[in-house]
Amino acid sequence: MDFKQLWLNAQDLWGALDQHPLLHAGLALLLLLVIALVLGRVARYLILHASRMLGRQPSLHWINDFRHNKVFQRLAQMTPSLVIQFGLHLVPELSKTAMVFLGNVALAFTILFLLLSVSALLNALLDIYARTEHARTRSIKGYVQLAKMVLYVFGAIIIVATLIDRSPLLLLSGLGAMSAVILLVYKDTLLSFVASVQLTSNDMLRVGDWIEMPQVGADGDVVDITLHTVKVQNFDKTIVSIPTWRLMSESFRNWRGMQQSGGRRIKRSLFIDASGVRFIRDDEEEKLSQVHLLTAYMGRKKAELKAWNEAQGNVAAMSANRRRMTNIGTFRAYALAYLKSHPEIQPNMTCMVRQMQTTAQGIPLEIYCFTTTTVWADYERIQGDIFDYLLAVLPEFGLSLYQQPSGGDLRSGLLPAVLGSAHIPEAEKHLM
């Protein structure tokens, strides 16, 4: 069959379609839809290929963030609806009502993909911001989420107004009457937004901060700050999601100041058995004076006590009128000298050994100082080494740690008195 015959057959088919306007319009719409889809695929390929080529340039590396968040892909998806919008007037035998309806539907799809493109753009900008120095101290994720929420709400209003062929202002005017319902539905969102603004503006919380909030079971590092929740990874690797507004309405502890200071506090007490507290004998004074950490203290203290006692005159001969050194006071001075000479204790921060209020468990001597590191494992090692040594050196001062009697202590102390040693089994004697 030659081309002339094909042309004649096509003219006959076209003439037959003129006699069936609905079929004519339907085929034209189908052809327009196919063309729109093909152009959409072509536009997607060209845009993505161009973005991939530009993203290889070091100065345009931000294009890769746009590409990974599908900004260009969303823009390419607008092509079919735009082609249909501008191609509807070329469709023959199409009524005005159908043209308006199909045009509104195509416009609604265009607006939808435009909203998705803007949302992807916000995600890309958030990724770019996350690589900056400011992202370590200021999180804008909550603001981005709020902007996307507002974008979707107004976009939905515009899409509905487009589909029903009404002005968006008509729908917006109805929102005033629904304000009470909106406030009720979005109460948590509004509270979280206000809390997020206050947390960020006052620099109360950052990603990476170690926070402690026992009422919600949080004790770990902040891994994410969003509009509605703050995610905390506990040290046992569990994740706790805290509503953002609770961080403003309730108290929490942020350990950032400790980490920035470069020293972590040790605050722990040794409970000394009160029955072992006594004055130091003369031979013990001579012995303790030879201890390197106590040499300066013992010399200064002996001179001070000697001057005071001489000032009292003859009454100083009575023991109650004479000042003498105690073993617990000397140990306190030794512990302080030991801490100040320790290479892993901060010399520029508070360091003291203080005696607390006596309790039923003994006399608390509190060690208060700061380590030179904030690393948890190193901190625990330093603290353990300090108390290991102080516990071991206590007997050198005639002191002992208070410890509540155990079952074995009671058995070894009371059983002989009650039964007599002759009636105690051999196994029990071995335990004693």
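Modeller: A residue counts as exposed when its relative accessible area is over 50%, as buried when the area is under 20%, and as partly exposed in between. The model is a predicted one. Lys237 has a relative accessibility of 62%, so Lys237 counts as exposed. Lys237 sits in the loop that runs between strand 3 (229–234) and strand 4 (239–243). Its phi is near 75°, which is positive although Lys237 is a residue other than glycine.

Lys70 is also not a glycine and has a positive phi, of about 65°. This residue lies in the loop between helix 3 (62–68) and helix 4 (71–76). With a relative accessible area of 41%, Lys70 is partly exposed.

Arg256 belongs to helix 12 (residues 256–261). At 12% relative accessibility, Arg256 is classed as buried. Its side chain makes a polar contact of 2.8 Å with the side chain of Asp209. Leaving aside residues up to four places away in sequence, Arg256 touches Asp203, Met204, Leu205, Arg206, Asp209 and Trp210.

As for the cysteines, a search of the whole structure finds zero disulfides. A disulfide needs two cysteine sulfur atoms within 2.5 Å. For Cys351, the closest cysteine sulfur is that of Cys369, 5.2 Å away, and this is too far for a bond. Cys351 counts as buried at 17% relative accessibility, and Cys369 counts as buried at 0%.

Conventions
Residues numbered from 1 in each chain as written. Predicted model: local features only at pLDDT ≥ 70, side-chain atom pairs only at ≥ 80, totals over all residues. Heavy atoms only, no water. Helix = DSSP H or I, 4+ residues; strand = E, 2+ residues; numbered from the N terminus. Buried < 20%, exposed > 50% of the residue type's maximum accessible area, 1.4 Å probe, protein only. Polar contact = N/O pair within 3.5 Å; in protein donor to acceptor, adjacent residues only side chain to side chain. Contact = heavy atoms within 4.5 Å.
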